[in-house]
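Thanks for asking me to look this over. My notes are below, as numbered points you can check on screen.

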Amino acid sequence: MVPNPLALIAEVTHRCPLHCVYCSNPVQLAGTQSELSTDEWRSIFQQAGKLGMLHAHFTGGEPLARTDLTELIAAARASGLYTNLITSGIGLSEPRLKTLVDAGLDHIQVSFQDSREDSANWIAGAKAHAHKIELSRAIRQHKIAFTVNLVVHRQNLDHLEEMIAFIEQMNPERVEIAHTQYYGWALMNRAALMPTRAQLEKAVEIVAGAERRLAGRIRIDSVVPDYYAKYPKACMGGWGRRLMLINPAGRVLPCHAAEIIPGLEFENVRERTLEWIWRESPSFRRFRGEDWMPDPCRSCDRRSEDFGGCRCQALLLTGDPAATDPTCSLAPKHHVIEAAVLEANSDAAAAKPATASSFVQLQQQTAALWNYRTNPD
Amino acid sequence: MAPPQDSSQPRLAAGCRWGGTEEDRVILFPEGAIKLQGTGREVLERCDGQRTFGEIIANLQKEFSAADPAKIRDDISTFLEQLQKRRIVDY
């Protein structure tokens, strides 16, 4: 018997006013025409509650781009789910925030691209930074949990200390220091985003210091990026083990990127129930458990901790979704990671950390450096 | 960060709340949920922001009079301090 899923990731739209160069959405975005209706989402939340799920994470794209977000939050809450809004804050006014809180919003998570305005706007490809600061003040007027998400990479890691100090003033309960993971848009832009080993080591020290200093006030969550780790991450807590993701068009996936895996057909909530998809669908069963594992995973003591790592990363970097995640130091194809690390640390690396200071100067550097995330049709 | 004082009034932090079913009570918070049974549940149900830590301890010492009162105090203090670090409880 498969245990129940714990949480639902509701990708309610792929539309987004930001164009972040590290976006984890697939490069092939779901079109606006195919988006699920309010009633379809309502049914999903009811099914999720009955399946025993506890959390609904609203993400996108930018969830606020949906005009029915208040109804969606209320529907999730009415189904017994804890509601979390992952947002850029663009599209959120104080009255709209109040409406969402009244509808049952439990937690809001706002991402910041940098502490420095010009750089933050440059990374997001949009002038969003000032609004986010203003919004953070408004959030603290409400009794909901507030997390700030700092996405860090080669272009901003050198002033991590300044970023943490900047976040402290906003007084969130939590800070998530999220190293960029290389899927979708971020993989395309990897050369510009991947930190050097020296940057990373310094960051680890800074985070440890901040954790001590802020203990009891702000909880810091931070993970070493997997390219520099010895073992792979337990991606999604294991394939089909804890989480279900619904994309804007209703396709049900075990993770954000799974649609890129060839040969797998993902079911749609328009045709099947969540319960059937969770228990019976070939896509959720494909990499569940240990039967699919190759060597060295199948005989490894860590197989019940990291579940062989990430299937999408295995596909993207080795061409085989059933291979051991190449970030693992024991993986047969670990050399592809070593090559990427070597390149990021060579003097000839394509991208130096940004040196320009103004938005205009930064934009001039951009064309050759990276591709901004676009919007769906 | 210090352990709770006798005058502290422990309560669930913003965005943390009870959920689940009557038999399967959980505390829901941003990164997850904790299933609470037995003493843990007894303690947190009393953390309503009104009762003081001293009152909660005295009350539970009476309720579990077979156990060592000093140990009850230490255990509950550690429990709340850990939850405070995770930003699930405030006091």
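1. A definition to begin with: a residue is called buried under 20% relative accessible area, exposed over 50% and partly exposed in between, using a 1.4 Å probe and protein chains only. By that rule A:W292, at 11% relative accessibility, is buried. Please keep in mind that this is a predicted model, where local features need pLDDT of at least 70 and side-chain atom pairs count only at pLDDT 80 or more, while totals for chains, interfaces and linings use all residues. Residues are numbered from 1 along each chain as its sequence is written, chains are lettered from A and ligands numbered from 1 in the order in which they are written, and side-chain values use heavy atoms, with hydrogens and water left out.

2. On aromatic pairs: rings of Phe, Tyr and Trp (its six-membered ring) pair if their centres lie within 6.5 Å, with planes under 30 degrees apart counted as stacked, over 60 as edge-to-face and the rest as tilted. This gives nine aromatic pairs over all chains. In one of them, A:F287 and A:W292 have ring centres 5.3 Å apart and planes at 85°, so they meet edge-to-face. A:F287 is buried, with a relative accessible area of 3%.

3. Another pair worth a click is A:W370 with A:Y372: the centres are 6.2 Å apart and the planes at 65°, so this pair is edge-to-face. A:W370 is buried at 4% relative accessibility, whereas A:Y372 is partly exposed at 22%. Elsewhere in chain A, one aromatic cluster is formed by A:W41, A:F45 and A:F58.

4. Which rings have a charged arginine end over them? The test is that NZ of Lys or CZ of Arg lies within 6 Å of the ring centre and within 35 degrees of the ring normal. The charged end of A:R272 sits over the ring of A:W276, 3.7 Å from its centre. Likewise, A:R288 places its charged end over the ring of A:W278, 4.8 Å from the centre.

5. Now the helices, with a word on naming: helices (H or I, at least four residues) and strands (E, at least two) are DSSP runs, numbered from the N terminus. In chain A, the axes of α2 (residues 69–78) and α3 (residues 94–103) come within 8 Å and cross at roughly 20°. That makes α2(A) roughly parallel to α3(A), since angles under 35 degrees count as roughly parallel, over 145 as roughly antiparallel, 65 to 115 as roughly perpendicular and the rest as oblique. The axes are lines fitted to C-alpha atoms, for helices over the stretch in contact, and angles run from 0 to 180 degrees between N-to-C directions.

6. Which residues do these two helices bring together? Taking contact as heavy atoms within 4.5 Å, A:L69, A:T70, A:I73, A:A74 and A:R77 of α2(A) meet A:R96, A:T99, A:L100 and A:A103 of α3(A). As a reminder, an α-helix has 3.6 residues a turn, so residues three or four places apart point the same way.

7. Helix α13(A) deserves a look: seven of its eight residues are buried, so the rest of the structure largely encloses it. Those buried residues are A:R311, A:C312, A:Q313, A:A314, A:L315, A:L317 and A:T318. Their cover includes α7 (184–188), α8 (190–193) and α14 (335–345) of chain A. Just after α13(A), A:G319 takes a positive phi of about 85°.

8. Some backbone points to inspect. The peptide bond from A:G60 to A:G61 is cis, with omega near 10°; A:G61 lies in the loop between β2 (55–59) and α2 of chain A. A cis peptide bond also joins A:D295 and A:P296, with omega about 0°. A:F307, a residue other than glycine, has a positive phi near 55° and is buried at 17%. B:R87 is not a glycine either, yet its phi is positive at about 60°; B:R87 is buried, with a relative accessible area of 10%.

9. Lastly, A:L245 belongs to strand β8 (residues 243–246) of chain A and is buried, with a relative accessible area of 0%. Leaving out residues up to four places away in sequence, A:L245 touches A:I9, A:E11, A:R251, A:V252, A:L253, A:C255 and A:H256.
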